[in-house]
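Try each task on your own before reading the solution.

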Amino acid sequence: MFGGFGGLIGSFLVFLLLHSIPPMRRVKQSLINLLGKAGYYILYSLVSTGVLIWLIHEVWAAPYVELWPYEPWAARATAHIMPFSILFFVMGFLRPNPLSIGPGNGFDKTRMGVVGIVRHPILWGFALWAGAHLFANGSLAEVLFFAGLLLLSVGGMFIVDRRKRRLLGEESWNAISSGTSNIPFMGLLKGGNCRPTLKDLFGVILAILSFGLVLWLHPILFNVSPLSGFL
């Protein structure tokens, strides 16, 4: 019916539902009451990882339909964008941020770090990853995969904004979010700051190590060396 793309479409729909329904306030609280907070996050992480692996498998299993050929410039762009993607992703998980996904307690408005650069660093990390790989992979299945995740990441920023504004209340949202923006560095023009803490230094070190791990694992998992993109 879907010309060999049924598995890809089905897995992506499950991936979309998984990242839309469980995070809803009432659903999330019901699951936390049932599983405990730690149990909820552990189970959600495991299921999310499993569905992502399924989705990637379906991308590989889908028929090869070329939309555009491999271009060296796209590989170089991917290789140079990925360090920033990993940095945003790692820093976003380590930095307390009540405005986005990730830890919310302990946010310091005087030392905003990466939150002062962009309000949703984890989602920006995903968006950069998906966008960087989009033009370097020209088959129909890969384009559907990366374009879908790019749209989900960008759209997720506005969905999370609306959800957090409702949870925090208009007054608290305005007070905390001032000096931040969905557009990188725009918050600095609105009175924000990106002053770091010692945890940010640890985040940079962890991001560098993570990038090294990606360089090592990428040829093993995907049979393509990211280092070729630097040449």
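**Exercise 1: α1 and α3**

In this predicted model, the axes of α1 and helix α3 (residues 37-61) cross at roughly 160 degrees and come within 9 Å. Work out whether α1 is roughly parallel or antiparallel to α3, then describe the contact.

*Solution.* 
- Step 1. Angles over 145 degrees count as roughly antiparallel. The crossing is at roughly 160 degrees, so α1 is roughly antiparallel to α3.
- Step 2. Now the hand: α1 and α3 make a left-handed crossing.
- Step 3. On the α1 side, the contact is made by Gly7, Leu8, Gly10, Ser11, Phe12, Val14, Phe15 and Leu18. From α3 come Tyr44, Val47, Ser48, Val51, Leu52, Trp54, Leu55, Glu58 and Val59.
- Step 4. Sorted by class, the contact of α1 with α3 has 12 nonpolar residues, four polar and one charged.

**Exercise 2: α1 and α7**

Helix α1 (residues 6-18) also packs with helix α7 (residues 140-168). Find the angle, the axis distance and the residues in contact.

*Solution.* 
- Step 1. The angle is about 15 degrees, and the axes are 11 Å apart.
- Step 2. Angles under 35 degrees count as roughly parallel, so α1 is roughly parallel to α7.
- Step 3. The crossing of α1 with α7 is right-handed.
- Step 4. α1 makes this contact through Leu8, Phe12, Phe15 and Leu16, and α7 through Ala141, Leu144, Phe145, Gly148, Leu149 and Leu152.
- Step 5. By class, these residues are nine nonpolar and one polar, with no charged ones.

**Exercise 3: a pocket**

Which helix gives the most to the lining of the second largest pocket?

*Solution.* 
- Step 1. Start with the volume of the second largest pocket, about 180 Å³.
- Step 2. List its lining: Phe84, Leu87, Phe88, Met91, Gly113, Val114, Ile117, Cys194, Pro196, Asp200 and Val204.
- Step 3. α4 gives the most, with four residues.
- Step 4. The classes of the lining are nine nonpolar, one polar and one charged.

**Exercise 4: positive phi**

Where do Phe185 and Asn223 lie, and what is phi for each?

*Solution.* 
- Step 1. Phe185 is in the loop between α8 (170-177) and α9, and its phi is near 70 degrees, a positive value in a residue other than glycine.
- Step 2. Asn223 belongs to the segment after α9. Phi of Asn223 is near 60 degrees, again positive in a residue other than glycine.

Methods: Residues numbered from 1 in each chain as written. Predicted model: local features only at pLDDT ≥ 70, side-chain atom pairs only at ≥ 80, totals over all residues. Heavy atoms only, no water. Axes fitted to C-alpha atoms, helices over the stretch in contact; angles between N-to-C directions. Helix = DSSP H or I, 4+ residues; strand = E, 2+ residues; numbered from the N terminus. Parallel < 35°, antiparallel > 145°, perpendicular 65-115°, else oblique. Left-handed = near helix turned anticlockwise from the far one by under 90°. Contact = heavy atoms within 4.5 Å. Nonpolar A, V, L, I, M, F, W, Y, C, P; charged D, E, K, R; others polar. 1 Å grid on protein atoms, 1.4 Å probe; cavity = no way out; pocket = protein on both sides within 12 Å on 5 of 7 lines; lining within 4 Å. Points joined across faces, edges and corners; volume = space filled by probe spheres on them.
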